[in-house]
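I set down here what I looked up in this structure, entry by entry. The sequence and the model come before the notes.

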Amino acid sequence: MSGVEIDPERVLKPLQNTSREYYILLGLFTLALLLFLEAWVHQITYGVGAVTGIGDWGISGGVPWGLYIGGFVWWIGVAHGGIAISAAVRVINLDKYRPIARIAEVLTVLALAMAALNIVLSMGRPDRIFNTIVQWPFTVHHSPLAWDIAVISLYLVLTLTYMTLSLRSEISAVRHRLPKWLAPLYALITLGYNPDEDEKIDQILWWLAVAILALVPLLSGGVVPWLFSLIAAQPGWYGAAAGAAMLTESITSALALVLIMTVVFRQAYGWQDMIEDDILRDLTIVLAFLALGTIWFTMHDVLTGYYIAPVNIGALTAGMLELNFFWIAIGGLVLSVVLLFGMIGWPKWFFNTPLLVGVSALLAITILNKKVMFVVEGLMYPTQPPLTNLYPTGVYSPTLVEWILFLGTIMLAGFGFLVITKVIPMIELEKEERELLKPTAETDGTEGE
Amino acid sequence: MADLPPKKGDPEWEEWAEDILDSTEFDTELGKQISKDALRIAEGELSKAEFHERYGDEVKAEFGVDERPTKPDPEPDNTMPRVPGDRNQTRRNVLKAMGGAAAAVGLAGCVSASADDGSESDGNPDSDTQIGMAIDTERCIACLQCSEACKEENNTDIGVHWPYVFRYEDEHAGDTREDFLTRHCQHCSEPSCTYVCPTQARYRRTEDGIVLTDYDTCVGCKYCQVACPYGVNYLGKDEPNEVVGSEFEGDRVGRDGRTVGGNPPKGVMGKCTYCVHRQDSDDPELQGTTACEQACPVDVIHFGDMNDRDSDPREHLREKEGSNQYRLLDEVGNEPNIVYIGKRPSKDAEPVQGPVSYEELNMRDGNYDYVGAQDEAPADGEEGDAA
């Protein structure tokens, strides 16, 4: 309960002062976004089929889904893991980790938006998404994509509610210290706020967190893998452990990204004393075991697919083992696990933040690689004999446009962080801390930006 | 529930069956009447038309479905033009293909006589029209006329072959020999592509069982492509074939008012439509025909209502009762409506190039040159660098 020394003044500082580095970073991200927009306009103008490596299944020897759908699965996983981390902090009262809870929440909101964006990218024309919404009531009971939309919307509503509610008393307490030009937004968040509601809100938040924690295994470990297994035409998209494996991978990549963002905030705003090394070290242990779990599930896949699987699954696994992608993924996992356990066992020699960020990035990219492989690999191999051998094995390699658009979603999420950090405090402030910010005679709004 | 049902035919059986009917929300008497008359249809004492006349309204009121055929059965057996087209180039190819086929013919004699299910048994009260095909691979010479004619008719994109002719070698089939498999969209009765569609753009038209894509509402999500085990879906790339193609001349709007005919627009999913613009046209000459069927010089493709005993495909299936008849990937459960006549390729079948290639007809062949990864073939290391 105790132990966290949060200095509210320093938490609010980024909202009031902006460094030169911030502007430089903002400029870089803006440039990346312009490139993203250019690529998107290009794709819309010439068509998905013309500018991506995506091709027709069957005689064209292509695969219908590629980096975008792989990226979608990755982002969804990140979102689920992010909210799980934040909700766990609240439900189990892990006060020690409070400084990273909001970072995980913001990551979740951004990741959900990016997951949705990846679907739109894959469809080729953004306006078409409305067709799926119009038809949603009639298709949700049988169409996996309609379900995806339902799941993303549900999560977006839950996390935004969760975040907004948790901000109400905080914002109203420190409003006089927040940027003036955002006043309408704060007015909206704190609409009808009354200090008496605090206790109720805390209870609501607790139950909301419980609901989210219950939904994560159901959705990330259930619905998404189930959606894939529904498409029985493709091998490799089902299996007894598919749900558990996907959940583990999701939380691994989410924790890796939370770690990266935590270190970034620590560094950028000099919060080393508030987000202590201790927190990073604990997260390292969790990450080590999650990565180990991912390796373990991969071994299950390979063993069952290689030795006793029916012909087409066997062929698929054999094909997978020949892919460079697969061995790059395995290499990334093994290296990460070795380094992480090194950090746990011999912190003196191994533990340092740059290395931790490096390993986290390696893990996040490895999981992305695995997700894309999971999507593409099943589609590369036509399913049933005799078509299996009459059709060619598919080929797929993402084009530059696809890379720009997918990496663009990561840039967009980074851009989102840059913006949000100027709008809300990135560490949740508790009552005692807010007291310290009470308006005094000196601070009557001369702060500005 | 407790004890076993009485034996059928026992006096108690009727009572027992009535109890069960009573426990449902539906009218017991109506159910009994319907089933009695359904039996009479099977015995030929009652015509389907009379049956629908008698029960149509009640069935609609009771179950909310209208089973009556909305239109009279189409196409009394058309006389098919069974002559190759008069284009010089194609005639040459037909001859060449026949030569190639002759070389590989050891087959004519050996007809395996496992008369799979093939045709549904007769007298089935299911009176809905279900358009389908009987494809006689025993006659096929892989001249690719069907592919070419379809391209010309529907103006499909480069590398897109709605009917695709696999020419394969199958060691498993005794002597090493070539055989052919023409693959159209199977227009399944249980099409997995329609179930996954998030906009209901892919749908099965109830009155004739043709599976179509509404080009106006398709969002290009490619789920249908992923869910189809036959690989018949092609995303519109907006590159209509410059060589063979003419502009699409049929009516794009089908009789149900949805845009379903011809080649798909860019970024929208397309596949064989069974030449829906012909089926829906006012021209009786065109109704009940497809471009591929008309183009076939050796009468491989038989197109028509699979539920009609006297249709061209059913008649042909009866004619070739002695031959092996099968549906492709029957075990998947999509209930395809194309019945093949001839040897079923085994899992050892290997694709081979024949004397007539797609390239020669100025049609690119994805099976050999990967249209999906066209243009500057990406170098192996490319993904690695970008990552």
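How many salt bridges are there over all chains? I counted 30 salt bridges over all chains, taking a salt bridge as a side-chain nitrogen of Lys or Arg within 4 Å of a carboxyl oxygen of Asp or Glu.

**Basis of the entries.** I worked from a predicted model, in which local features need pLDDT of at least 70, side-chain atom pairs count only at pLDDT 80 or more, and totals for chains, interfaces and linings use all residues. Residues are numbered from 1 along each chain as its sequence is written, chains are lettered from A and ligands numbered from 1 in the order in which they are written, and side-chain values use heavy atoms, with hydrogens and water left out.

**Entry: the four-stranded sheet of chain B.** I found an open sheet of 4 strands in the order S8-S1-S10-S9 (chain B), with mixed pairing. S8 and strand S9 (325-326) of chain B are the edge strands, each with a single partner, so one side of each has no neighbour in the sheet. Strands here are DSSP runs of E with at least two residues, helices are runs of H or I with at least four, and both are numbered from the N terminus; two strands pair if DSSP finds at least two bridges between them.

I then followed S1(B) to its partners. Strand S8 (residues 301-305) of chain B runs antiparallel to S1(B), with 5 bridges. I noted Ile131(B) opposite Asp305(B), Gly132(B) with Gly304(B), and Ala134(B) with His302(B). Strand S10 (residues 338-341) of chain B pairs with S1(B) in the parallel sense over 4 bridges, and there Asp136(B) has Ile341(B) as bridge partner.

Is S1(B) buried or exposed? Of the 6 residues of strand S1 (residues 131-136) of chain B, 6 are buried, so the strand is largely enclosed by the rest of the structure. I used under 20% relative accessible area for buried, over 50% for exposed and partly exposed in between (1.4 Å probe, protein chains only). In a regular strand the side chains alternate between the two faces of the sheet. On one side of S1(B) I found Ile131(B), Met133(B) and Ile135(B) buried, and on the other Gly132(B), Ala134(B) and Asp136(B). S8(B) is mostly covered as well, with 5 of its 5 residues buried.

**Entry: charged pairs in chain B.** Asp136(B) also forms a salt bridge with Arg139(B), at 3.5 Å from N to O. Asp136(B) is buried at 0% relative accessible area, whereas Arg139(B) is partly exposed at 30%. Both belong to a network of salt bridges that includes Glu138(B), Asp299(B) and Lys320(B).

I next checked Asp208(B) and Arg205(B), whose side chains meet in a salt bridge of 2.8 Å, N to O. Asp208(B) is buried at 3% relative accessibility, and Arg205(B) is buried at 2%.

Glu207(B) forms a salt bridge with Arg255(B), the closest N and O atoms being 3.0 Å apart. This pair links distant parts of the chain, 48 residues apart: Glu207(B) lies in the loop between strand S4 (202-204) and strand S5 (211-213), and Arg255(B) in the loop between strand S6 (234-235) and strand S7 (269-270) of chain B. Glu207(B) is partly exposed at 23%, as is Arg255(B) at 38%.

**Entry: a residue in chain A.** I located Ile83(A) in helix H4 (residues 67-91) of chain A. Ile83(A) counts as buried, at 0% relative accessibility.
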